[in-house]
Amino acid sequence: EVNPRINSSNLVISGNAMHTCGFDSCTIGFNCRAAIVVGIQAGSGTDGVLITNNLIWNMSSGCVWDRNGSTFGPMEIYHNTCYDYGKGTGGAGDPNPEGIAGFSDGGHATIKNNIIYAPNGTDPLDASAFTASNNACGAGKSCGSNSIVFTAP
C-alpha cells in the first residue's frame, strides 16, 4: 500500500506494478485496503497529486482511494490499469471496494484514460464528484464522458 501520511505537495506515483495488496488487513478486524491511498482522513491532504502509468491487479479492495476531500489541490489519475479488485472479505468489511473511490463519496479527482475492470462486477467508481472521461470500464456506475463500458464474455 502506498499511503503518504503527511502533506506531500506535487506527489507523483508512476510506473508501478502492484498486486495482491490488502488481503491481510481484511482478516484482522480492519478494513481491506487499496493499493494507493492519498489523503489523510484526519483533516490533512495532499496538493497536486499525479497517479499515472500504474498496473494494479488482484486487490482486496480498490486500486486508488482519493481521500483528499474537496479542499485540497487537484488529484489526477491518468493511464492506469486497475483490474480484478474488490475481492476482500472478513473483518470490518470494505468501505470502498470500487476501483477508484473517495472517502464517504467525497473524492474529486480527474480520472482519464484508465482501464478499470473487476470480473466480479464491483463498480469502477464510487459516487464521488469525479471528473471522469475516456476510460474503459466494466459495467456499473458511469465511467465518465466518452468512456467505453464493457462486460465480460
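Trainee: Hi! What secondary structure does the chain have?

Mentor: There are 14 strands and 1 helix. The model is predicted, by the way.

Trainee: And how much of the chain counts as buried?

Mentor: Of its 153 residues, 48% are in the buried class. The exposed surface comes to about 6,800 Å², with carbon and sulfur atoms supplying 53% of that.

Trainee: Which residues touch the most other members in the largest nonpolar core?

Mentor: That core has 27 residues, and the ones you want are Ile36, Ile51, Ile77, Ile100, Ile111 and Ile116.

Trainee: Which elements give two or more residues to this core?

Mentor: Three strands do: E3 (36-38), E4 (49-52) and E7 (75-78).

Trainee: Let's pick Ile51. What does Ile51 touch?

Mentor: Leaving aside residues up to four places away in sequence, Ile51 contacts Ile13, Ile36, Val38, Val64, Met75, Glu76, Ile77, Tyr78 and Asn80.

Trainee: Switching topic: in what order do the strands of the open sheet with E3 run?

Mentor: The order is E3-E6-E9, and the pairing is parallel. E3 and strand E9 (100-102) are the edge strands with a single partner each, so one side of each has no neighbour in the sheet. From one strand to the next, the twist averages 15°.

Trainee: How many bridges link E6 and E9?

Mentor: E6, residues 64-66, pairs with E9 over 3 bridges. Within that pairing, Trp65 has Ala101 of E9 as its bridge partner.

Trainee: Last one: what share of contacts with a separation of 6 or more comes from residues 24 or more positions apart?

Mentor: Those account for 68%.

Definitions and conventions. Residues numbered from 1 in each chain as written. Predicted model: local features only at pLDDT ≥ 70, side-chain atom pairs only at ≥ 80, totals over all residues. Heavy atoms only, no water. Core = buried A, V, L, I, M, F, W, Y, C linked by side-chain atoms within 4.5 Å. Buried < 20%, exposed > 50% of the residue type's maximum accessible area, 1.4 Å probe, protein only. Helix = DSSP H or I, 4+ residues; strand = E, 2+ residues; numbered from the N terminus. Contact = heavy atoms within 4.5 Å. Areas by Shrake-Rupley, 256 points an atom, 1.4 Å probe, with all protein chains shown as cover. Pairing = 2+ DSSP bridges. Axes fitted to C-alpha atoms, helices over the stretch in contact; angles between N-to-C directions.
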